[in-house]
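Here is a friendly note to read alongside the coordinates.

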Amino acid sequence: MTSSSLLPQGAIALDTKAARLVAGYETTPHGKIGHLRFNFPDKHNVIDLEGWQGIAYVMHQLAALDDIRLIILRGVGGKTFVAGADISQFEEVLAGPEGTEFDIATVAAFDAIAQCPIPTLAAIEGYCLGGGLGLAAACDLRLAREDARFGIPAGKLGLAYPANATQHLSTLVGPAHAKRIIFTADRLPIDEAERIGLVQHRASAENFETALQNLAESICAKAPMSLRASKFILDNPHAEAAQVKKRLADCLASEDYAEGRQAFLQKRDPIFKGK
Ligand code: COA
């Protein structure tokens with residue numbers, strides 16, 4: 001199967017440098033949507049060292065595209081988002097004092113997603129476990145199918161969960177729920193994941209594609225500089241005032257702000273350019 005066939009129709013595939021990753025972008029009436037897909041469906045899309053190393057590379061490529069409005073992370077095959085890191089590799093790459101290359105790669109992957117200036121969305125079907133939950137938690141939003149299951153089995157393996165992924169989870173659900181998830185390694189069903197704020201949107205299996213499409217369209221139709229400014233402000237509560245002011249000033253000076261005002265007065269939908 002070619003990479004393009006695993007992406008939405010018409011999408012342009014990008015090199016990922018990793019066999020288990022597929023990436024590309026599609027051009028929509030509201031700018032581009034980037035896609036990063038985890039592709040090892042026979043083994044629940046588990047990610048190997050090469051895959052973890054490829055994630056940052058792909059995220060940087062996607063974020064650098066002209067007029068990119070949203071990046072969607074998703075598993076291939078419809079059965080699982082990602083069931084974590086590939087445990088079958090651990091003996092080789094995550095053992096002993098030197099076995100930190102894997103940890104460095106996972107931390108870099110979570111950081112690349114969390115620090116991406118473009119809005120990110122995890123589209124979650126089935127299992128979202130271990131590092132898979134770390135990937136989802138690093139995204140801005142999570143849309144989950146109703147059969148999704150969330151958990152962190154690090155305590156069953158005797159591993160320390162990566163520091164940044166632990167903090168992302170805690171920021172999302174609070175430290176008490178983060179501890180509960182890690183201490184018990186329970187697989188949370190969708191109701192509970194939604195209740196504690198892990199999931200922002202849910203959809204039945206029949207409605208999942210439509211829900212994903214509608215959500216993506218809604219985000220992409222908004223003024224990109226406006227969303228990026230808010231993302232920066234929310235993610236950097238201690239940012240210097242000058243950095244925040246610059247983003248607000250850039251929005252005020254943008255063509256999109258003029259278009260937004262005009263569209264409102266003319267009672268029509270705005271068409272934003274990201275400029
Ligand atoms: N690493 C390596 N292989 C994995 C894996 C992982 N994280 N998760 C699943 N697999 C493999 C299984 O070993 C199995 O391989 P096999 O066909 O050679 O036996 C294959 O994927 C299918 O998984 P299986 O367990 O048979 O499917 P299931 O539907 O019964 O259960 C899971 C699915 C995801 C609940 C279960 O596989 C599981 O708990 N995986 C481990 C998740 C985990 O601990 N992740 C954190 C890693 S740090």
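1. Among contacts in the chain between residues at least 6 apart in sequence, what share joins residues at least 24 apart? The figure is 66%, with a contact meaning heavy atoms within 4.5 Å.

2. A word on the ground rules: this is a predicted model, where local features need pLDDT of at least 70, side-chain atom pairs count only at pLDDT 80 or more, and totals for chains, interfaces and linings use all residues. Residues are numbered from 1 along each chain as its sequence is written, and side-chain values use heavy atoms, with hydrogens and water left out.

3. On the overall fold, the chain has 12 helices and 10 strands; these are DSSP runs numbered from the N terminus, helices being H or I with at least four residues and strands E with at least two. The radius of gyration is 19 Å, close to the 19 Å from the globule rule for 275 residues, so the chain is as compact as a globular protein of that length. That radius is taken over C-alpha atoms, and the rule is 2.2 Å times the number of residues to the power 0.38. Along the principal axes, the C-alpha trace spans about 60 × 45 × 35 Å.

4. The accessible surface comes to about 13700 Å², and carbon and sulfur atoms hold 55% of that; the areas come from the Shrake-Rupley method with a 1.4 Å probe, and for residues only the protein chains shown count as cover.

5. Strand E3 (residues 31-38) deserves a look: 8 of its 8 residues are buried. On one side of the pairing list is strand E2 (residues 21-28), antiparallel to E3 over 8 bridges, and the two form a hairpin with 2 residues between them. Val22 has Arg37 in E3 as its bridge partner. Strand E4 (residues 68-75) runs parallel to E3, joined by 7 bridges, and Phe38 has Gly75 in E4 as its bridge partner. Strands count as paired if DSSP finds at least two bridges between them.

6. Is Ala205 buried or exposed? Ala205 counts as exposed because its relative accessibility is 54%. Ala205 sits in the loop between strand E10 (201-203) and helix H9 (208-220).

Methods
Buried means under 20% relative accessible area, exposed over 50%, partly exposed in between (1.4 Å probe, protein chains only).
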